[in-house]
Amino acid sequence: MNDRRVTQISPNGTVTTRDDARPLTVAAGDAVIVERGCLRSLIVRCPCGCGDDLVINLDRRTGPAWRLYSRKSKLSLSPSYWRDSACECHFILWKNRIYWCGYYDNDYNDYSNPALEAGILPHVPKDDFVDYHVIAETLDEIPWDVLWCCRNMVNRGLLSEKAGKERGLFSRIS
Ligand SMILES: [Zn+2]
């Protein structure tokens, strides 16, 4: 763990090319969207403080892509970002906030949203499991909000979650 890590990104706008983005990522957490016809990438000066720019692909036509959610000028990414080289940083970006992933994969915050929980519940089947991404898509919500609501409901005994590689699949108990 190093102490240059930041816990927020700073969105610095949208540009059309990667070259245009370069002068806009200076400090750890500086972020720029590259959009040309469609969303291409999110470039983030690595929030770990290593000084590298992370180029996070948003364009499914060019390979595995993250999905960017922009709500009230705050950015979220799904799934989590895991760099498999160099600094190997691993984080969740949620509403401009960085949640560093580590040993406690489960509870990043004390997020609580009873209204959203109530909206989620009818979409969780009793005799089957549903992927929280599907619910997020249906409700037009950020997947992390839905995941954390589902986990809150697991803690309260309303839902169950599969384990291991099938985490993220939920079923209704009552
Ligand atoms: Zn880094």
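Predicted model: local features only at pLDDT ≥ 70, side-chain atom pairs only at ≥ 80, totals over all residues.
Author: Local features need pLDDT of at least 70, side-chain atom pairs count only at pLDDT 80 or more, and totals for chains, interfaces and linings use all residues. Residues are numbered from 1 along each chain as its sequence is written, and side-chain values use heavy atoms, with hydrogens and water left out.

Reader: What makes up the secondary structure of the protein?

Author: The protein has four helices and twelve strands. These are DSSP runs, numbered from the N terminus: helices are H or I with at least four residues, strands E with at least two.

Reader: Why is Asp110 called exposed?

Author: Exposed means over 50% relative accessible area, buried under 20%, and partly exposed in between (1.4 Å probe, protein chains only). Asp110 has 71%, so Asp110 is exposed. It is found in the loop between strand S9 (97-100) and helix H2 (114-120).

Reader: Why is Tyr81 called buried?

Author: Its relative accessible area is 9%, so Tyr81 counts as buried. Buried residues make up 42% of the 174 residues.

Reader: What makes Trp66 and Tyr81 a tilted pair?

Author: Rings of Phe, Tyr and Trp (its six-membered ring) pair if their centres lie within 6.5 Å. Planes under 30 degrees apart count as stacked, over 60 as edge-to-face, and the rest as tilted. The structure holds nine aromatic pairs. In one of them, the ring centres of Trp66 and Tyr81 are 5.3 Å apart and the planes stand at 40°, so the pair is tilted.

Reader: Why does the pair tie together parts of the chain?

Author: Trp66 lies in the loop between strand S4 (53-57) and strand S5 (67-71), and Tyr81 in strand S7 (residues 81-82), so the parts joined are 15 residues apart in sequence.

Reader: Which aromatic pair do Tyr81 and Phe91 form?

Author: A tilted one: 5.6 Å centre to centre, 35° between the planes. Phe91 sits in strand S8 (residues 90-94), ten residues from Tyr81. Both Tyr81 and Phe91 are buried.

Reader: Which residues do ring pairs link into a cluster?

Author: Trp94, Tyr99, Tyr111, Trp144 and Trp148.
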